[in-house]
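Dear colleague,

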Amino acid sequence: MTEKELRKKAMALPLQPGVYIMKNKDKKIIYIGKAKKLKNRVSSYFGSHSNHSLKVIRMVENVDDFDYILCGSEFEALVLECSLIKQHQPKYNILLKDDKGYNYIKITKGEFPRISECKRMDDDGATYIGPYTSNFSVKQAVEETLKIFKLPRCSKQFPRDYKKSRPCLNGFMGLCSAPCAGRITQQEYANNVKDAVSFLKGGSVKAVKEMEAQMLELSENLQFEEAAKLRDRIKSIKNLEEKQKVVSINVPEEDVFALVNSNKKACFEVIRFEHGKLTDSEFWLIDAVDNLPQARFELIERYYSMRDRIPSRIAVDGEIEDEELLKEFLESKREKKVEFIHPQKGEHLSIVNMCIQNANEHLAQQQGRLGRELAALEELRQLLGLEKLPEYIESYDISHTFGADNVAGMVVFHNGRPMKSAYKRFAIKGFDGQNDVGSMQEVLTRRFNHYYNDDEGSTFKILPDLILLDGGEPQVNAVMPVISSMGLNVPVFGMVKDNKHRTRAIALNGGEIEINSHRQVFTLVSSIQEEVHRFAISYHHNKHKKSTLSTSLTKIDGIGDAKAKALLKHFKTVTAIKEAEPEALEAVSGISKKNAEDIYNFYHKL
């Protein structure tokens with residue numbers, strides 16, 4: 001049919017609720033919709049396209065005919081529409097792929113068993129725990145278990161790769177027992193896996209009780225090293241439990257939905273709570289939507305057509321078209337009341353914001369943000385002539401006030417992103433006065449002394465792929481002999497700013513490399529330079545504030561930081577303290593009669 005013929009047919013429809021079914025030339029169903037008044041809704045497709053989105057226009061271009069089914073109410077139309085969409089999966093409807101299935105935890109056999117999550121049980125001799133319906137819960141349980149019991153996550157195979165290589169980043173940071181470096185025996189590894197499986201089967205409460213009893217027994221037998229390992233393991237479990245408590249709500253059950261739209265794609269995110277705790281998380285990447293309220297209606301309706309559990313409360317990040325109709329539909333399925341909430345404040349708003357943040361992150365990943373970061377690192381590698389990708393970058397900056405309170409900040413970027421757990425601060429100890437080059441030499445000397453002398457687990461044990469100094473050629477020339485004298489081979493470059501304090505070039509031993517024309521490198525290096533400057537100057541401000549205080553009050557016998565702060569809080573200024581009589585000083589909380597006399601005598605030189 002032509003569009004004119006389709007409009008004529010649509011205008012003959014009754015003004016009743018119903019479902020309409022669009023078909024193409026091959027009689028294949030391409031769209032199913034519901035309507036309160038069939039005539040008005042269907043005829044709107046076949047006329048002016050000025051109010052239609054590109055997706056609707058494309059759908060209409062492919063329509064050759066349509067059928068319709070009359071219903072007694074809009075609610076009946078919704079139920080029928082839901083059933084038909086599930087049955088036919090039309091091309092132009094918003095569809096969610098249901099790949100939930102069952103999930104298992106797999107423990108391989110052999111001398112060095114590995115623990116992982118999987119979708120099915122194979123006849124491979126491995127041990128399986130499950131099935132579980134929540135992929136999120138299984139992934140979380142496996143990740144937490146590997147972290148607590150320091151089991152490897154890498155692709156290395158044991159015993160083949162046992163004692164064959166240096167540990168990876170997880171090994172350096174103490175997150176893995178590093179069998180690849182031979183830091184653990186086969187028997188110790190097997191015991192860790194056994195304990196991990198017990199933890200997965202019995203839960204944290206039972207595991208902690210057993211570990212505490214075992215730790216006490218080891219301590220009584222003077223096996224303090226083994227007892228300390230159990231103590232650290234118990235601490236890790238309790239730390240994880242504390243983190244989980246942060247993501248909780250004060251209601252028995254609730255689902256939280258967010259829909260984030262971009263130019264080409266949208267992300268539909270769901271976070272589910274049971275017994276007040278986060279139990280599941282899912283997301284779908286779909287084509288960008290034109291009408292957010294309408295899309296929320298369709299997506300939530302599709303979601304619950306795939307899931308059995310409907311909670312008593314549903315939090316949403318925005319308006320839902322025909323919310324009362326959707327509420328009626330869900331209540332009929334649940335056979336109990338359902339409440340929609342649109343949080344404006346409090347814990348529910350923070351959970352909705354977390355859901356939105358996750359959706360944004362999934363969209364960013366889909367659009368290649370991580371890919372762009374790695375592309376910037378590759379461009380930087382080529383520009384600087386590095387042998388390998390600079391995945392682990394350290395950057396240093398010096399800060400002081402006319403030579404006073406000299407400090408340095410060290411920041412780390414891992415795979416193009418800040419790794420704040422590895423940031424370090426240094427107070428310059430070797431000299432007083434302004435000497436940025438000398439300060440940089442001292443800081444790098446101390447940093448690599450830590451590399452050789454620190455215990456495993458310290459981030460100082462990680463050798464950087466690249467060092468970027470805030471400064472030009474003099475700083476680079478000063479640091480290179482330090483690194484060379486320590487037997488290390490780490491590339492060092494400077495970050496040069498223009499007269500407006502913006503990144504202009506990268507300095508090396510013998511010149512500069514202009515980076516303004518290399519957009520990805522310029523963005524990365526600029527963000528590193530800004531971050532290290534911010535970190536160093538914030539440390540300097542704190543130190544300078546303390547040193548200013550210590551120049552007077554804390555030099556008085558018996559006056560420490562706490563009493564100095566109490567005096568300043570009471571008198572507001574040091575001048576007021578100087579002018580105060582002993583009786584007034586003694587009136588300050590924590591200041592004794594002797595303190596008051598000492599303060600008065602100090603400022604009056606008696």
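What follows is a description of a few strands and of how they pair.

Please bear in mind throughout that this is a predicted model.

I begin with strand 17, which covers residues 492–497. All 6 of its 6 residues are buried, so the strand is largely enclosed by the rest of the structure. If you look at the directions of the side chains, you will find Val492, Gly494 and Val496 pointing one way from strand 17, while Phe493, Met495 and Lys497 point the other way, and all of these are buried.

Which strands pair with strand 17, and in what sense? One partner is strand 16, made of residues 466–470, which runs parallel to strand 17 and is joined to it by 4 bridges. As an example of this pairing, isoleucine 467 has valine 492 in strand 17 as its bridge partner.

Strand 16 is itself mostly covered, since 5 of its 5 residues are buried. From this strand Leu466, Leu468 and Asp470 point one way, whereas Ile467 and Leu469 point the other way, and every one of them is buried.

A separate topic is an open sheet of 3 strands, whose order is 2-1-3 and whose pairing is antiparallel. Its edge strands are strand 2, at 29–35, and strand 3, at 65–70, each of which pairs on one side only. On average, and with direction ignored, neighbouring strands of this sheet are turned by 20° against each other. Within the sheet, strand 1, residues 18–23, runs antiparallel to strand 2 and is joined to it by 6 bridges.

With best wishes

How values were computed. Residues numbered from 1 in each chain as written. Predicted model: local features only at pLDDT ≥ 70, side-chain atom pairs only at ≥ 80, totals over all residues. Heavy atoms only, no water. Buried < 20%, exposed > 50% of the residue type's maximum accessible area, 1.4 Å probe, protein only. Helix = DSSP H or I, 4+ residues; strand = E, 2+ residues; numbered from the N terminus. Pairing = 2+ DSSP bridges. Axes fitted to C-alpha atoms, helices over the stretch in contact; angles between N-to-C directions.
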